[in-house]
Amino acid sequence: MSQNPFAPPVNQSPHPEGGDGDASGFWREGSYLVIRKDADPLPHRCVKCNAPAQARNIRQVQWYPRWITLTVIVCWPAFLIGYLLTRKTAKPNVGLCMRHAKRTKMLLFLGRVFLVVSLVGLTVGIFSDSLWFLLSGTVGLLISLAPLILAIVLRPVHIDNERGKYKGAGPAFLDTLEEMPPGDEPLATH
Ligand SMILES: [Zn+2]
């Protein structure tokens with residue numbers, strides 16, 4: 001049997017334009033997005049607004065249990081050890097439209113500029129014993145956290161050895177995904 005030469009070509013791209021193909025390893029869990037570590041790249045659509053993607057965002061994110069923060073009360077080395085022992089990382093590969101890609105870049109840029117300026121201010125404060133520089137450096141450092149946190153496209157609420165559960169995917173994108181596959185346990189959100 002010969003193949004029909006006029007048959008339409010089969011699209012074998014891992015993320016065909018606008019479609020999901022046979023991509024697997026990710027699903028929605030209510031308003032959360034769950035991605036397995038061995039998942040295919042997410043569909044080539046903006047994870048925020050579901051518009052056709054113009055860029056990919058692949059950034060390592062990390063997660064550690066919230067209770068680890070309480071160990072700071074005991075002493076900071078306890079926090080550091082607990083953090084290093086329980087820390088889990090993942091690298092979700094998601095699409096972004098031009099608008100959301102630009103927004104993410106701008107927030108990262110702002111956060112980094114604030115961070116550098118604040119660190120310079122703090123250093124000047126330490127060496128010149130200037131309370132004004134020390135205070136403004138500390139405040140600047142705290143302010144720089146806001147754009148840096150906002151620049152995280154998908155914020156992990158839980159990561160284990162196999163899966164990551166994320167906040168931040170838009171409802172239009174989530175609506176195109178399947179619910180949790182049968183037999184899979186829901187992940188905690190802390
Ligand atoms: Zn978008």
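**Exercise 1. How many helices and how many strands are there in the chain?**

Before counting, a word on the model. It is predicted, so local features need pLDDT of at least 70, side-chain atom pairs count only at pLDDT 80 or more, and totals for chains, interfaces and linings use all residues. Residues are numbered from 1 along each chain as its sequence is written.

Step 1. Know what gets counted: helices (H or I, at least four residues) and strands (E, at least two) are DSSP runs, numbered from the N terminus.

Step 2. Count them: the chain has 5 helices and 8 strands.

Step 3. Starting at the N terminus, they go β-β-β-β-α-α-β-β-α-α-β-β-α.

**Exercise 2. Work out the strand order of the open sheet of 4 strands, and explain which strands stand at the edges.**

Step 1. Pairing first: two strands pair if DSSP finds at least two bridges between them.

Step 2. Go through the pairs. Strand 1 is joined to strand 2 by 4 bridges, antiparallel, and 4 bridges also link strand 2 (residues 32-36) with strand 8 (residues 163-167), again antiparallel. Across these pairs, glutamate 29 sits opposite tyrosine 32 in strand 2, while arginine 36 faces arginine 163 in strand 8.

Step 3. Read off the order, 1-2-8-7, with antiparallel pairing. Strand 1 (26-29) and strand 7 (155-159) each have a single partner strand, so they are the edges, and one side of each has no neighbour in the sheet.

Step 4. (Axes are lines fitted to C-alpha atoms, for helices over the stretch in contact, and angles run from 0 to 180 degrees between N-to-C directions.)

Step 5. Check the turn. The hairpin of strand 1 and strand 2 has 2 residues between the strands, and glycine 30 takes a positive phi near 65° there.

**Exercise 3. Compare the packing of helix 1 on helix 2 with that of helix 3 on helix 4.**

Step 1. Get the geometry. Helix 1 (residues 67-74) and helix 2 (residues 76-86) pack at about 160°, axes 6 Å apart. That makes helix 1 roughly antiparallel to helix 2. (Angles under 35 degrees count as roughly parallel, over 145 as roughly antiparallel, 65 to 115 as roughly perpendicular and the rest as oblique.)

Step 2. Do the other pair. Helix 3 and helix 4 (residues 131-150) also come out at about 160°, with axes 7 Å apart, and are therefore roughly antiparallel to each other.

Step 3. Now the handedness. A crossing is left-handed if the near helix is turned anticlockwise from the far one by less than a right angle, and right-handed if clockwise. Helix 1 and helix 2 cross right-handed; helix 3 and helix 4 cross left-handed.

Step 4. Look at who touches whom, where contact puts two C-beta atoms, placed from the backbone, within 7 Å. Among the residues in the helix 3 and helix 4 contact are Leu107, Gly111 and Phe114 of helix 3, plus Gly137, Leu141 and Pro147 of helix 4. For the other pair, Ile68, Thr71, Val72 and Val74 in helix 1 meet residues of helix 2 including Trp76, Phe79 and Tyr83.

**Exercise 4. Asparagine 50 and aspartate 129: is each one buried or exposed?**

Step 1. Asparagine 50 is in the loop between strand 2 and strand 3 (55-58), and aspartate 129 is in the loop between helix 3 and helix 4.

Step 2. Check phi. Asparagine 50 has a positive value near 70° without being a glycine; aspartate 129, not a glycine either, has a positive phi of about 60°.

Step 3. Count neighbours. Asparagine 50 has 20 C-beta neighbours inside 10 Å, so it counts as buried. Aspartate 129 has 8 other C-beta atoms within 10 Å, so it is exposed.

Notes. Buried ≥ 20, exposed ≤ 12 C-beta atoms within 10 Å, placed from the backbone.
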